[in-house]
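Biologist: I'd like to learn how to read salt bridges and helix packing in a model. Can you walk me through it?

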Amino acid sequence: MRDAGTALDLAVIIVTWNNADVILPALQSLCADLEQSSLRHAIWLVDSASSDATVALTREQFPQVKLLASERNLGFGAANNLALRDMGFGDGANDNLPAAVYLLNPDTVVQPGSTQRLYDTLMGSAKLGLVGARLSYADGSFQHSAFRFPGLRQVFCELFPVPQRLLDGRFNGRYPRRLYHNAATFFIDFPLGAAMMLKREVIAQTGGFDEDFFIYCEEVDWAWRIHELGWRVLCEPRAHVIHLGGQSTGQARPSSFVHLWRSRLLLIEKQYANWKARLARWLIRQGMRRKLRGLDAGDAEMAAACREIIEMAQR
């Protein structure tokens, strides 16, 4: 942590839940990149009641990290908001707030120069409020890092058979892969929440994440509100972050599946017109019934999850 001056240039937030297997590489890569930058920075780690060694490892190996350990699993949005409040967001005064906040998943490895590049891009335009990084998987393969706001076509793609060419293209809300391989930034609807940076003014105006989203879709909702206030959103391909993907949520597959569709239904209610929301709920019910028919007889937990989602979509 660099403490020269008053307000920080950048505050980083990492939210963990049973991430002992990935948190040390994540913090090592982040700290190395920050030390090579010109940024006055600090790191917050919010742990949501991990039962593994995540907290102990962080305290032992990275004492400079400000650790907020919750006794219950707060969910992604609420945990990030806890760190934002700890920084002073919501108090009404902006003078001592960091100029930008970087939200980073624990299952990431930051590549050299990425943090400075994101910060410089974010601060390079008065109209820009949110920037996302280019992501790849651990083996170097391509990962979609930014998306168009989800509509009925994306709901259909999630639940019914669709040709691969449509899944990977505009029909399913994806941007062309060639854009990620260029040096130029490009405008997007929203970035994947694994690595995104926001200006303090955006956070102050929007109030952070909507905590009704326990996990999933919270970055989509936030980006939607950011756009509504007139801010622009970019993907910065020159900022590269390796994203292992699904380290936390993969630990509880049926419950994660329910959380995913509960959040999608909440997003539908918040952002869709009434006719569109009704049609989306109908598609979800039909899709879940289709999934139920394809499950093995012994997959009782996933069957129960599908039935719960059908019930939620009927309300």
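Modeller: Start with accessibility: buried means under 20% relative accessible area, exposed over 50%, and partly exposed is whatever falls in between. Glu 308, at 35%, therefore counts as partly exposed. Keep in mind that this is a predicted model.

Biologist: What does Glu 308 meet in a salt bridge?

Modeller: The general idea is that side chains of opposite charge can pair when their charged atoms come close. Here the side chain of Glu 308 meets that of Arg 262, at 3.1 Å from N to O. Arg 262 sits in helix α10 and Glu 308 in helix α12, so the pair ties together parts 46 residues apart in sequence. Arg 262 is partly exposed too, with a relative accessible area of 36%.

Biologist: Then how do α10 and α12 pack, and at what angle?

Modeller: For a helix pair, look at the angle and the distance between axes. Helix α10 covers residues 253–271 and helix α12 residues 300–314; they pack at about 15°, with axes 9 Å apart. Angles under 35 degrees count as roughly parallel, and α10 and α12 are therefore roughly parallel to each other. Their crossing is right-handed.

Biologist: Which residues of α10 and α12 meet?

Modeller: On the α10 side they include Phe 257, Val 258, Trp 261 and Leu 265, and on the α12 side Met 302, Ala 305, Ile 309 and Met 312 are among them. By class, the contact has 11 nonpolar, no polar and four charged residues.

Biologist: How many salt bridges does the structure hold?

Modeller: There are 12. One of them joins Lys 270 and Asp 210, with the closest N and O atoms 2.8 Å apart. That pair links distant parts of the chain: Lys 270 is in helix α10, while Asp 210 is in the loop between α8 and α9, 60 residues away.

Biologist: Is Asp 210 buried or exposed?

Modeller: Asp 210 has 16% relative accessibility, so it counts as buried. Lys 270, at 36%, is partly exposed.

Key
Residues are numbered from 1 along each chain as its sequence is written. This is a predicted model: local features need pLDDT of at least 70, side-chain atom pairs count only at pLDDT 80 or more; totals for chains, interfaces and linings use all residues. Side-chain values use heavy atoms; hydrogens and water are left out. Axes are lines fitted to C-alpha atoms, for helices over the stretch in contact, and angles run from 0 to 180 degrees between N-to-C directions. Helices (H or I, at least four residues) and strands (E, at least two) are DSSP runs, numbered from the N terminus. Angles under 35 degrees count as roughly parallel, over 145 as roughly antiparallel, 65 to 115 as roughly perpendicular and the rest as oblique. A crossing is left-handed if the near helix is turned anticlockwise from the far one by less than a right angle, and right-handed if clockwise. Contact means heavy atoms within 4.5 Å. Ala, Val, Leu, Ile, Met, Phe, Trp, Tyr, Cys and Pro count as nonpolar, Asp, Glu, Lys and Arg as charged, and the others, Gly among them, as polar. A salt bridge is a side-chain nitrogen of Lys or Arg within 4 Å of a carboxyl oxygen of Asp or Glu. Buried means under 20% relative accessible area, exposed over 50%, partly exposed in between (1.4 Å probe, protein chains only).
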